Amino acid sequence: MKNFEVMDLEKLYKIKDNGGLISVTNGLYDQSLTWKDVKWLQTITPLPILVKGVLTAQDARLAIQAGASGIIVSNHGARQLDYVPATIMALEEVVQAAEGRVPIFMDGGVRRGTDVFKALALGASGVFIGRPVVFSLAAEGEAGIRKALKMLHDELEITMALCGCPSLKDITRDHVVTERDRPRIAPRL
């Protein structure tokens, strides 16, 4: 909401056409940002810089070249861009491009422990959990968040047990099948 403090929200609610809303929303983003800004950030903080919103191998390589300490594969909830890939579909490409140089995290689409397992199997160092936590907070406050995280934890443990993985390090790429693994069969006419 901090971004909206400078806006006339009453005027925003009166916008009827989508184009007007898009122009207002686009005004919230600094479109002059470049990869050089990652290097600049490093000069003003000792904290690690994680670049969020990476969906391609090319952007992963650019983020690493710019000095990112880690990458967050994210489509920002797919709210800003129609037709972007699901984060789970983009994850493996980014992991492969990073070649182990920086940790890769996945943000988006995590609703169950099996989603965590799949992300780890495809090479993620970890996952970020958004909507389940927000919804749990709204429903039951802190207790709701604890309950949601416990459910995810328990589901992950069950999935690991069913896959024969006693520890996180035992989760490998061999535990999942993706669209890329399936052979393409041309239909007969």
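Is Phe128 buried, partly exposed or exposed, and what is its relative accessible area? Phe128 is partly exposed, at 34% relative accessible area. Buried means under 20%, exposed over 50%, and partly exposed in between, with a 1.4 Å probe and protein chains only.

The model is predicted: local features need pLDDT of at least 70, side-chain atom pairs count only at pLDDT 80 or more, and totals for chains, interfaces and linings use all residues. Residues are numbered from 1 along each chain as its sequence is written, and side-chain values use heavy atoms, with hydrogens and water left out.

Four strands form an open sheet in the order 1-2-3-4, with parallel pairing. Strand 1 and strand 4 (126-128) are at the edges; each has a single partner strand, so one side of each lacks a neighbour in the sheet. From one strand to the next, the twist averages 30°. Axes here are lines fitted to C-alpha atoms, for helices over the stretch in contact, and angles run from 0 to 180 degrees between N-to-C directions. Strands (E, at least two residues) and helices (H or I, at least four) are DSSP runs numbered from the N terminus. Two strands pair if DSSP finds at least two bridges between them. Strand 3 (residues 104-107) and strand 4 run parallel, joined by three bridges. Met106 has Val127 of strand 4 as its bridge partner.

**The aromatic pair**

The structure holds one aromatic pair. The ring centres of Phe105 and Phe128 are 5.7 Å apart and the planes stand at 70°, so the pair is edge-to-face. Rings of Phe, Tyr and Trp (its six-membered ring) pair with centres within 6.5 Å; planes under 30 degrees apart are stacked, over 60 edge-to-face, the rest tilted. Phe105 lies in strand 3 and Phe128 in strand 4, 23 residues apart.

**Lys52**

Lys52 sits in strand 1 (residues 50-54). Leaving aside residues up to four places away in sequence, Lys52 touches Ile72, Ser74, His76 and Asp107. Contact means heavy atoms within 4.5 Å.

| Pair | Distance |
|---|---|
| Lys52 and Asp107, side-chain polar contact | 3.1 Å |
| Lys52 and Phe105, C-alpha to C-alpha | 9.1 Å |
| Phe105 and Phe128, ring centres | 5.7 Å |

A polar contact is a pair of N or O atoms within 3.5 Å; within protein, one must be able to donate a hydrogen and the other to accept it, and residues adjacent in sequence count only if both atoms are side-chain atoms.

**Helix 5**

Buried residues of helix 5 include Leu91, Val94 and Val95. The buried residues pack against strand 1, helix 4 (57-65), strand 2 (70-74), strand 3 and helix 6 (113-121). Just after helix 5, Glu99 has a positive phi of about 50°.
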